[in-house]
Amino acid sequence: MKRREQGLFFLCRRTVITIAAFLIGSMLLFLALCNGESSSGSVNRKVIIFVWDGLRPDSISASSTPNLWNLSKNGVFFKNNHATYPTFTMMNSSSFNTGDFPDKVGFYGNTVYAPGTAGHNAGGKAVDYNQPVFTEDWNILLSLNSFYDNELFMVKRLLQATREKGKITAIVGKSGAAFMFDLDRKGYGLDENAVFPQSLAGELQSAGYALPKNTPVMWPDIRLLSSNGDPTGRPSPAKLADNVTSDPTVGTTSPNSSSNKYMMDIYLQYILPKKNPDISVIWFRDPDTTEHIYGVGAKAYLDALGSMDAMLGHLADHLKSLNQYDNTDIIIVSDHGHNNVSGDLSLFPLRTIANGAAGSTEAAKGYSVSGDVRLAQLLADNGIVTNVYDGNGYSYDPVISGVMADGTQVYPDQTDTDGSVTGTKGKKYTTRGFKVPATLPAGSVVIAANGGSDYLYLTSKDVSLVKKIVTFLQQREEFGAIFVDDKYGHIPGTMAMSMVHLENTAGRNPDIIFSYNFNENAVIRGMKGIEYESMQIYRGMHGSFSPIDVNNTLITFGPDFRTGIASVTPSGNIDVAPTVAYLMGLDMPGTDGRVLYEALNNTSVTVSVVSLNKLIQSDAAAGLTFYQPTAVLNSRAKIDSGKSSYSITLAISSVTDSTGKSVTYFDYARAIRQ
Ligand SMILES: [Zn+2]
């Protein structure tokens with residue numbers, strides 16, 4: 001007997017003993033399944049994947065998340081888990097869905113450039129696909145899927161594999177991220193914009209529940225009752241007097257709690273007891289959205305953690321009351337970590353917030369006044385690319401785009417004297433618009449501005465333009481590690497996309513992907529980690545190759561998992577799908593990820609660490625001048641003197657197991673300027 005089969009035998013034997021005591025009649029069927037080649041899991045095992053978007057492992061504590069703290073102590077807490085880079089929500093939803101890295105999946109969310117696509121969004125509005133598009137939206141995902149001939153994902157998905165076995169699936173929660181699991185809408189679903197199948201929308205109305213306000217966009221036959229309201233609506237954030245920058249001293253609660261609670265209530269009170277799903281994916285936008293708006297460590301972030309934890313408590317209570325608790329494996333996972341948005345604190349000291357504005361500098365307890373970067377404007381104004389677009393209009397961002405110690409703004413306030421920039425005479429702005437024109441001029445560059453990393457698409461595929469852009473990014477200290485499509489050949493001081501599983505076989509990857517720069521040791525409001533972001537006026541962001549964005553939360557708890565383990569063995573979001581497939585006896589062969597045997601009861605498979613934080617060094621680009629991000633124009637920016645070479649350090653960790661499976665995870669990638 002091979003080792004893998006031994007493991008399966010033990011798993012089956014233990015379950016048989018349990019089941020035989022209660023259900024003699026089921027035993028023959030069960031033994032038949034155990035003898036089958038493809039079945040490995042327990043026949044009636046339930047699995048719940050509960051995603052807390054943007055939850056950092058160091059956010060979990062006895063005081064802020066008592067239920068999750070207890071679960072982590074009684075289950076397996078993977079201390080060295082890895083989000084997939086780029087560390088965005090939809091990219092990691094892809095990995096949860098498939099067990100694979102982007103090179104195999106072929107999808108590069110959150111924001112992608114896919115001209116030629118057509119369709120509407122979840123609110124029913126036509127989408128302009130000449131611009132890069134944000135994909136957290138069921139209708140946009142369906143449009144993209146249709147554009148890619150129903151192969152938005154180039155590999156099989158977890159819920160497809162679940163239904164192949166005749167099992168029932170449910171998805172609940174955040175727009176796009178949860179829906180992506182059930183693109184085919186063949187299970188049950190409830191997200192912030194819609195319900196499926198249509199019959200479920202009708203059932204919920206009959207049972208007295210309100211529906212998401214946009215439900216009729218998916219099902220035009222559904223009429224909302226006059227009492228329906230907007231159960232997934234979210235209040236606007238508290239703002240400073242500038243009306244654009246959030247105010248974390250006033251906004252002290254999560255804007256998402258009531259929407260999340262509405263969806264969780266329907267799941268617990270209706271979908272779970274009445275539809276009895278074998279696998280459920282619950283994905284809520286907290287703490288992430290609250291971190292984006294108010295920053296990691298802000299009061300509102302603590303409120304978001306508390307709300308999420310209360311829902312976890314309700315989930316456990318309902319499972320117990322339905323007698324499902326002992327037969328349900330619960331996987332708590334976040335898609336990525338989260339950083340505070342800020343530039344170098346020595347250039348941009350933190351400031352107080354007073355009278356609705358950023359006040360005096362205050363190193364210990366201040367708030368960030370920097371970190372936003374408008375790459376399109378930098379490339380245009382420094383003469384690097386003439387025709388550069390990011391799909392966004394003008395921006396007024398007087399604080400987070402950078403206020404220096406002397407009060408000078410990196411992107412100074414400007415007034416639109418004739419209305420040509422903002423559409424309104426006399427209106428203030430800090431950067432002009434960079435919308436993609438209907439007809440792209442030759443040599444255009446389109447930026448999908450995502451946050452902690454950006455994607456660049458070149459219309460000309462011109463290697464000399466790639467080199468010019470790369471050199472500019474290397475010379476500006478807002479920017480971190482740079483990855484270039486392998487087809488351009490080696491460019492000094494970069495790494496090939498294939499090095500980090502970004503090079504898609506069908507050519508769907510952008511031409512350049514780069515991480516914004518970060519400092520994982522800088523502290524704001526008691527939380528480590530800062531990064532620059534593409535301009536969104538957020539206080540929190542992710543998506544970079546910082547170890548804090550990469551190191552996300554993974555906790556498993558339930559009948560198949562060991563108890564009281566803090567695992568330091570490297571693991572990743574790519575391992576969730578193959579592990580669930582193993583537990584449920586699904587067919588998902590050949591995933592990049594592995595079964596997390598180290599967390600399982602009753603397995604003889606052993607897992608060993610091959611390397612931890614092994615450093616891989618790129619070659620260097622030499623003879624460079626480095627500009628600090630203190631002005632848009634290089635000619636006005638401070639020069640970081642005494643340094644001239646740029647290179648990248650990539651840290652990797654690898655494991656192997658006794659079935660022969662090996663996986664390499666990416667810990668971080670850092671730009672070295674010296
Ligand atoms: Zn996320």
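Predicted model: local features only at pLDDT ≥ 70, side-chain atom pairs only at ≥ 80, totals over all residues.
Student: What makes S360 count as exposed?
Tutor: S360 has 9 C-beta neighbours inside 10 Å. Residues are numbered from 1 along each chain as its sequence is written.

Student: Where does S360 sit, and what is it in contact with?
Tutor: S360 belongs to strand β13, residues 357-361. Strands are DSSP runs of E with at least two residues, helices are runs of H or I with at least four, and both are numbered from the N terminus. Neighbours within four places in sequence aside, S360 is in contact with R351 and T352. Contact means that the C-beta atoms of two residues, placed from the backbone, lie within 7 Å.

Student: How do you know whether G106 is buried or exposed?
Tutor: Count again: 21 other C-beta atoms lie within 10 Å of G106, so it is buried. G106 is in the loop between α5 and β4 (111-112). Setting aside neighbours within four places in sequence, G106 is in contact with F153, M154, N504, A506 and R508.

Student: Why is helix α4 called mostly covered?
Tutor: In α4 (residues 89-98), 10 of its 10 residues are buried. They pack against β1 (46-52), α5 (102-105), α7 (158-164) and α16 (576-584). Just after α4 comes G99, with a positive phi of about 75 degrees.

Student: What makes α10 roughly parallel to α12?
Tutor: The axes of α10 (residues 257-275) and α12 (residues 299-321) cross at roughly 5 degrees and come within 11 Å. That angle makes the two helices roughly parallel. The label covers angles under 35 degrees; over 145 is roughly antiparallel, 65 to 115 roughly perpendicular, and the rest oblique. Axes are lines fitted to C-alpha atoms, for helices over the stretch in contact, and angles run from 0 to 180 degrees between N-to-C directions.

Student: Which residues meet there, and how do they divide?
Tutor: From α10 come S257, N260, K261, M264, L268 and L272, which meet S307, M311, H314, L315 and H318 of α12. This contact has 5 nonpolar, 5 polar and 1 charged residues. Ala, Val, Leu, Ile, Met, Phe, Trp, Tyr, Cys and Pro count as nonpolar, Asp, Glu, Lys and Arg as charged, and the others, Gly among them, as polar.

Student: How many residues of domain 1 are in contact with domain 2?
Tutor: 17 residues of domain 1 are in contact with 17 of domain 2. On the domain 1 side, α11 gives the largest share, 4 residues. The C-alpha centres of the two domains lie 33 Å apart, and the domain bounds come from an automatic or database domain assignment.

Note on methods:
Buried ≥ 20, exposed ≤ 12 C-beta atoms within 10 Å, placed from the backbone.
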